[in-house]
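Me: I would like to learn how to read the features of a model like this one. Please take them one at a time, with the general idea before the case.

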Amino acid sequence: QTPRACSDYWSEYRHCRSLWNRFHHYYTYGTSPSCYQWKEDYYNCKACEKSTGGEAKQEALQRSERNRVAEQRKFSPVWELRRDPPSDWHLPLNHEKPQDS
Amino acid sequence: MGQTKQEEEYGYDLFPERNAGKYKKGSVAESLLTFNHKCQVMLQLAVETSPYAKLLLGAMKNSGCTVFKDRHFACEDCDGTVSGGFDAATSQIVLCQNNIHQQSHMNRVVTHELIHAFDHCRAHVDWFNNFRHLACSEIRAANLSGDCSFSNEVARFHFGMKQHHQECVRGRALRSILAVRKINRQAAEKIVDEVFDTCFNDHAPFGRIPHGKKDAKFAHRDYENRNRYYANL
């Protein structure tokens, strides 16, 4: 199975190329967005579906997605992640309790 | 009831109803004399229709922090112009019913505060003692909630184009810190600068900076499909 449905790649590509998105990308990053990767991923995805010569395309697609994930993670976080949620999240409210840290 | 030192230090003086409201909760006086009911209605709508909120609520549920409207949200009167806050001591999101009058504003405040709640849920955030943690969450909230969208900035008469979004995020994070902690401006600026790159680029749980509803819907779609996604990398 491909990481995303092929139609998802196409809609991301169209959205990336839209005037609205290009405007907001410039507003945020000061540059033009680079959208060709979505298009390539779409074609690779379609080729995977066809299952002829799909192996190489599958790998290319996976590489592209792994890059995206790596991009999101290449910073060192400011805080330590929890293993469990905060123990007091679900505790009932006690209106008489004095505020203490 | 006099203000304790701690209340001032942690910004609780902006939220005078955190310890005792003017009207008894659920009373007729409360519903007639405050904007409480309007706030509840707008909150319900935000939670049901905003793709930003829906994604955050889903992500929090998956992290073990299911959000219950009655337990984790509180509509209260607040001081000044503050719109909302996250009270880590009680795990509650405070919505300032006297300062939020439009649905779009409510949607944005709910998203902003849910981002704080999400950070509280997934990380050991030391809200009270670590300014870097506070700054990081404020940067993320300003960045991802739509606070700094082009249209919101124009509405504030802040005109800027190239990378203006980042300036806005820096500015709003700074303002938020200065509003709730006793720290001088330069020190706060330095802290924001230190953590900016990391925190500006931390887009969890959206996976992108949602500039509008379509981005938020795509982000929500990605989130719903995450199992398939990670299984096929």
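Reply: Helices (H or I, at least four residues) and strands (E, at least two) are DSSP runs, numbered from the N terminus. With that numbering, Pro205(B) falls in the loop between helix 10 (185-200) and helix 11 (213-224) of chain B. The peptide bond that joins Ala204(B) to Pro205(B) is cis, with omega near -5 degrees. This is a predicted model, in which local features need pLDDT of at least 70 and side-chain atom pairs count only at pLDDT 80 or more, while totals for chains, interfaces and linings use all residues. Residues are numbered from 1 along each chain as its sequence is written, chains are lettered from A and ligands numbered from 1 in the order in which they are written, and side-chain values use heavy atoms, with hydrogens and water left out.

Me: Which residue has a positive phi although it is not a glycine?

Reply: Ser91(B), with a phi of about 55 degrees. Ser91(B) sits in the loop between strand 2 (84-87) and strand 3 (92-96) of chain B.

Me: How is chain B divided into domains?

Reply: Domain bounds come from an automatic or database domain assignment. Here domain 1 covers 1-124 and domain 2 covers 126-205 of chain B. Contact means heavy atoms within 4.5 Å; 23 residues from domain 1 of chain B and 24 residues from domain 2 of chain B take part in it. Taken over C-alpha atoms, the two domain centres are 20 Å apart.

Me: What area is buried between these two domains of chain B?

Reply: Buried area is the accessible area (1.4 Å probe) that two parts lose on being put together, summed over both. For domain 1 and domain 2 of chain B the value is about 1900 Å², and carbon and sulfur atoms give 58% of that.

Me: Where does a salt bridge link distant parts of the chain?

Reply: Arg18(B) and Asp87(B) form one, with the closest N and O atoms 2.9 Å apart. Arg18(B) lies in the loop between helix 1 and helix 2 (28-33) of chain B, and Asp87(B) lies in strand 2 of chain B, 69 residues apart. Over all chains, the whole structure has 22 salt bridges.

Me: How many residues of chain B are in contact with chain A?

Reply: There are 69, against 44 residues of chain A. The two chains bury about 5100 Å² between them, 55% of it on carbon and sulfur atoms. On the chain B side, Arg228(B), Tyr229(B) and Leu233(B) lose the most area to chain A, together 13% of what that side buries. Four salt bridges are counted between chain B and chain A. Glu12(A) forms a salt bridge with Arg221(B), with 3.9 Å between the closest N and O atoms.

Notes: A salt bridge is a side-chain nitrogen of Lys or Arg within 4 Å of a carboxyl oxygen of Asp or Glu.
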